[in-house]
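Open the model in your viewer and keep the selection tool ready. Each stop says what to select, then what is there.

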Amino acid sequence: MRKFVFGAVGLLMTFSLAAQMEAPENWWNLDREADNYPGVSANRVHDFLQGKQAQKVVVAVIDSGIDIEHEDLADIIWTNEDEIPGNNRDDDNNGYIDDINGWNFIGGPGGTHINHENLEITRIYTRLSQKYANRNPDGLPKAELAEYRMMEELGRKIDEERAAVEPQAAQLEGLLGALNSAVEAMNKSADEITVEDIDAFEPADEMTGQILGFARRVMVDEGMSMSDLIGEIEGGMEQVTGTLNYYYNTEYDARHIVGDDPSNLDDRNYGNNSVEGPEASHGTHVAGIIAAVRGNGIGVDGVGGANIEIMVVRAVPDGDERDKDVANAIRYAVDNGASVINMSFGKSHSPYKGAVDDAVKYAEKNDVVVVHAAGNDGKELNLTNNYPNDTYLRPGFLRPGSSRTYITVGASSANYDEQFPARFSNYHREMVDVFAPGHRIYSTFPDDEYNAISGTSMAAPMVAGIAGLLRSYFPDLTARQVREIILESAVPVNLEVRLPGTEDEMVPFSRLSATGGMANAYTAVMLAQQTKGKKRRTVDRDPSLVGY
């Protein structure tokens, strides 16, 4: 997974666009009518629910890992009460030894971990290039010739991507060096530098002046500090380095750490119980949005509330997740009691999509809501450009069917105007179900830290938190009903907005998702109260409306 966070490379490409409004850190918890910010109304709904009975609900976070000792998360981490810690036995006979807080499907013996990984297209290219090494395409059977042509196309794409990133590396390195030099010359820490300090500073050369001008615009338009900006650029450097060293590096093989055969889809008992992993920022941030402890006077207040427990399932590296791991992570979550699963990841190719489909069907059969981030490419989705998705692969069928407990979420901003959809968010009038806050979301980070980052990765856990909230206060609702309630209660957005991925194309917001609205915890609870004890009609998506 190139995690669904809008990073520094994208940041540098888009600051020429209009400014985003400066919003309070907790804007995503607020209510548009009461607070004038288009959040999910979590504060309002928890005020309403105060004193009402609820039951514990487990939300599984399939992600990069979670800091389970974080001050704002430690009290809501799921514990497997049927497992005895540290005895090196599978006490509950679920196939996983000492899985106290969840499981790590990209871990190896002795607590080792995969951190960086290839992208899926690199893995496919590597496999095919080994298969067709020194083979002449002339005379190949039709199926093999198609593979050969795919190999050639993927090889060209890998070369193009590497060539595109190399100058970005030089740009970011120069930008970072100039900013650090300017900070040092101002004789202040980056946290202390203000717009006024930049205005008063005499740059040593024209280039430094231009870079400081860029920094000033970012600080004003995005409400960022100099320290935040430098951190974003450092993150961009890591992303560029990862692209060259891991994502598109055909010589890099991380899977030997796990020691399994990633093409053996029947193998489910591998990995280890170390659920934090080497880089847990993404998963920790997601977990905080869902269920960070509310009202404790520190950090942030999660959407779901006090009755949510977070199960940690690590399956997502820095790079693309493997289909085998995703399928097994879903099954693990279902088998161990999760009622909701959050999946803030995605990729462009899925060689074993059938295995993931089977796991999604398994979740639906067992009454589990699955929430997935739509992705950050600023593009219109179809069935072949973003995985996983809710439509099942059934070759030869024109109407392949789709999950009735699966929700795909796009990202919105704090601006209730033409900039309302986040500029990076993917969209589709059928394949994206609903939008939720995903721009500059302040949440938990490892080591008791907090940070604001952006992405559909942040929007999906808003909806997962709402799903967990509904399942805790209305336990008789089925997963299908929970999905329907979240979609039917979405607050309509009657705006003309800038189409994500463009600078000036205007469209109705209703074109961007099936609901044309924003997920909202308060309206969902109001509808759930009317639904309690009633049967609801489940509406199937018409695949003819989906872009193939």
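**Stop 1: a buried asparagine**

Select Asn272, which counts as buried at 7% relative accessibility (buried is under 20% relative accessible area, exposed over 50%, partly exposed in between, with a 1.4 Å probe and protein chains only). This is a predicted model, where local features need pLDDT of at least 70, side-chain atom pairs count only at pLDDT 80 or more, and totals for chains, interfaces and linings use all residues. Residues are numbered from 1 along each chain as its sequence is written, and side-chain values use heavy atoms, leaving out hydrogens and water.

Asn272 sits in the loop between helix 8 (226-247) and helix 9 (281-291). Helices here are DSSP runs of H or I with at least four residues, numbered from the N terminus.

Now show what surrounds Asn272. Leaving out residues up to four places away in sequence, Asn272 touches Trp103, Asn104, Gly107, Gly108, Gly111, Thr112 and His113 (contact means heavy atoms within 4.5 Å). Look at Thr112 in that group. Its backbone oxygen is 3.0 Å from a polar atom of the Asn272 side chain.

**Stop 2: helix 7**

Select residues 206-222, which form helix 7. This helix has 17 residues and reaches 24 Å from first C-alpha to last, close to the 24 Å expected at 1.5 Å a residue. The expected span is 1.5 Å times one less than the number of residues.

Which residues of helix 7 are buried? They are Thr208, Ile211, Leu212, Phe214, Ala215, Val218, Met219, Asp221 and Glu222.

Check both ends. At the start, a side-chain oxygen of Asp205 comes within 3.2 Å of the backbone nitrogen of Met207. Just after the helix, Gly223 has a positive phi of about 65 degrees.

**Stop 3: salt bridges**

A salt bridge is a side-chain nitrogen of Lys or Arg within 4 Å of a carboxyl oxygen of Asp or Glu. The count by this rule is 22. Visit three of them.

Select Arg123 and Glu120. They form a salt bridge, with the closest N and O atoms 2.8 Å apart. Both residues are buried. They are separated by about one helical turn, because they are three residues apart in helix 4 (residues 120-131).

Next, select Lys131 and Glu147. Their side chains meet in a salt bridge at 2.7 Å, N to O. Lys131 lies in helix 4 and Glu147 in helix 5 (residues 142-186), so the pair ties together parts 16 residues apart in sequence. Lys131 is partly exposed at 39% relative accessible area, and Glu147 is partly exposed at 23%.

Glu161 is partly exposed at 26%, as is Lys157 at 32%. The two are four residues apart in helix 5, so about one helical turn separates them.

Finally, colour Glu117, Glu120, Arg123, Arg322, Asp323 and Lys347 together. Salt bridges with shared partners join them into one network.

**Stop 4: the second largest pocket**

Helix 4 gives the largest share, six residues.

Methods:
A polar contact is a pair of N or O atoms within 3.5 Å; within protein, one must be able to donate a hydrogen and the other to accept it, and residues adjacent in sequence count only if both atoms are side-chain atoms.
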